[in-house]
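Dear colleague,

I am passing on the structure we spoke about, and you will find it directly below. My notes on what was found in it follow, with attention to how two of its parts meet.

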Amino acid sequence: MKKTLSEFKDFIAQGNVLDMAVGVIIGGAFGKIVTSLVNDILMPLIGLALGGIDLTKMYLALDGKTYANPVEAAESGAPILAYGNFIQNIIDFLIIAFVIFMVIKQIAKVKSRFVHEEVAAPTTKNCPYCFEEIHIDATRCPHCTAELDK
């Protein structure tokens, strides 16, 4: 049991676990912001553009009866197919995916300004006589057999 607790402590202390925890917390807060953006700003505009349609009120009662809204249908115990909510969730997902894509793209752009890749030392050179590619440490060209200067 002591070994298991020690392994668990080591696991929790790893940087990637803490990074993941921070990511989940920030992701939850970010999700609330994007949900508000979709529900409070974008969906009303989309509904207005589509002639005042509220997707959340689009449903089909599977018992064949007519109800004023999906809440009333659900309260009466009727099975409903809430396809409007499904469409809204697809739009939510697409917007969230696009926003995350744009954030990651910007982070990569900023990160590339600070990361300078080291240029690897050359491992080949060209023979000055026949211009064939040879190993950098070669003292004689394997193609034309010319002696090379170091």
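In this predicted model, the centres of domain 1 and domain 2, taken over C-alpha atoms, are separated by 17 Å, and the contact between them draws 8 residues from domain 1 and 8 residues from domain 2. As for the bounds, domain 1 covers residues 1–50 and domain 2 covers 54–117, while domain 3 covers 119–149.

Between domain 1 and domain 2 an area of about 690 Å² is buried, and carbon and sulfur atoms give 83% of that area. On the side of domain 1 that touches domain 2, the residues fall into 7 nonpolar and 1 polar, with no charged residues.

Is Gln88 buried or exposed? With a relative accessible area of 8%, which is under the 20% cut-off, Gln88 counts as buried. The side chain of Gln88 is joined to that of Asn39 by a polar contact of 2.7 Å. Apart from neighbours within four places in sequence, the residues in contact with Gln88 are Val38, Asn39, Met43, Leu55 and Thr56.

Note on methods: Residues numbered from 1 in each chain as written. Predicted model: local features only at pLDDT ≥ 70, side-chain atom pairs only at ≥ 80, totals over all residues. Heavy atoms only, no water. Domains from an automatic or database assignment. Contact = heavy atoms within 4.5 Å. Buried area = accessible area lost by both parts, 1.4 Å probe. Nonpolar A, V, L, I, M, F, W, Y, C, P; charged D, E, K, R; others polar. Buried < 20%, exposed > 50% of the residue type's maximum accessible area, 1.4 Å probe, protein only. Polar contact = N/O pair within 3.5 Å; in protein donor to acceptor, adjacent residues only side chain to side chain.
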